[in-house]
Each structure stands twice: as C-alpha cells, then as structure tokens.
Amino acid sequence: MAQQHIFRDFEAAFRKQKLRPRLYSILMLVQANPGCRLADIGDALGILQTNLVKRIDELVHRGLISRVEDPSDRRAKALVLTAKGERLAREALQIHEVLTRDLMGRLGKDEHNQLIASLQRLVAIENRHAAEKPSPGKRRRKAGGDSDD
C-alpha cells in the first residue's frame, strides 16, 4: 500500500517529463556511469536484458540516451546521456529532491532516517544472498525486477 502511494506521487511529479520509476532509474544510472553497458544497467536494476532493451530504446528514441562504441570492445555499445538527457536528469534530480523532502516531512526526520537505514540493510542482505547463490548461464531475477514500474 505504501509503495502505491509513493509511486502515485512519483508519477504525478514526473508526468510532464514522461518518466516512470524504471526510466528514471535508468536515466540516473547512465548519468552516474557514463559509458556503462546494457548489462551493467540490467544487473543494477535486476531487469532481464530483453525487457531492458525496450526501455533503453524508448530513451534513445526520445533523444535522452545514445548508444556509442565502447572503447574497450568495439563490438559492444556503451550508453551515454545526450545533452537533452543531461538536462532532463538535472531536472529530475530536483524533482526527486522535492519528493524526498515531502516524504521526510510526512515521516519526520527520525522515522525517515530509520526507513533509509532499513532499506539499506535490505539491499545489503539481498546483495549477500545474490552473491551466495550465483546461477550459471542465467541471471537470477530480483523481486520486482521486471515489473512495469
């Protein structure tokens, strides 16, 4: 239930930018890691490559991301933000900061800090679990990793 409220707020805040949570995450990861590969994004977000390609194609079509030759492997493509993508990423970060402040205001500082600490612990547990159970030949699908956002 809480996730639905947060997603609803997110979608309302990013309606003008036409960014859903998954597209926002991809945009932010490419901004933070220029030249990353599709597999890097998929691993970070727990999205299967077949589903990720559709989302990357959408961002490319919108002129936000470019596929460029990877200097370390000419057969591979790297992802970088375009100038338009950089502008949208900066705008999106500002919107995200407002959403975060609003959430923190609803929770209060102590509850917000407790929530962040709990989420960080869950991520650490999931990362340890994933490292302990590698699945050769197939990537393990993370919970919610291939949802529509």
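In this predicted model, Leu115 is partly exposed, with a relative accessible area of 32%. This leucine is found in helix α6, which covers residues 109–132.

In soluble globular proteins, nonpolar side chains tend to be buried together. Here, the largest nonpolar core contains 25 residues. Which of its residues touch the most other members? They are Leu19, Ile26, Leu27, Val30, Ile41 and Leu79. Two or more residues of this core come from each of the helices α2 (21–32), α3 (38–45), α4 (49–61) and α5 (83–107), and from the strand β2 (73–81). The most is given by α2, with six residues.

Leaving aside residues up to four places away in sequence, Leu27 touches Leu19, Leu64, Leu81, Gly85, Leu88 and Ala89. One of these partners, Leu19, is itself among the core residues that touch the most other members.

Is Asp70 buried or exposed? With a relative accessible area of 6%, Asp70 counts as buried, because this value is under the 20% cut-off. Asp70 is found in strand β1, made up of residues 65–70. Its contacts, again not counting residues up to four places away in sequence, are Arg37, Ala76, Lys77 and Ala78.

Notes
Residues are numbered from 1 along each chain as its sequence is written. This is a predicted model: local features need pLDDT of at least 70, side-chain atom pairs count only at pLDDT 80 or more; totals for chains, interfaces and linings use all residues. Side-chain values use heavy atoms; hydrogens and water are left out. A nonpolar core is a set of buried Ala, Val, Leu, Ile, Met, Phe, Trp, Tyr and Cys residues joined through side-chain atoms within 4.5 Å. Buried means under 20% relative accessible area, exposed over 50%, partly exposed in between (1.4 Å probe, protein chains only). Helices (H or I, at least four residues) and strands (E, at least two) are DSSP runs, numbered from the N terminus. Contact means heavy atoms within 4.5 Å.
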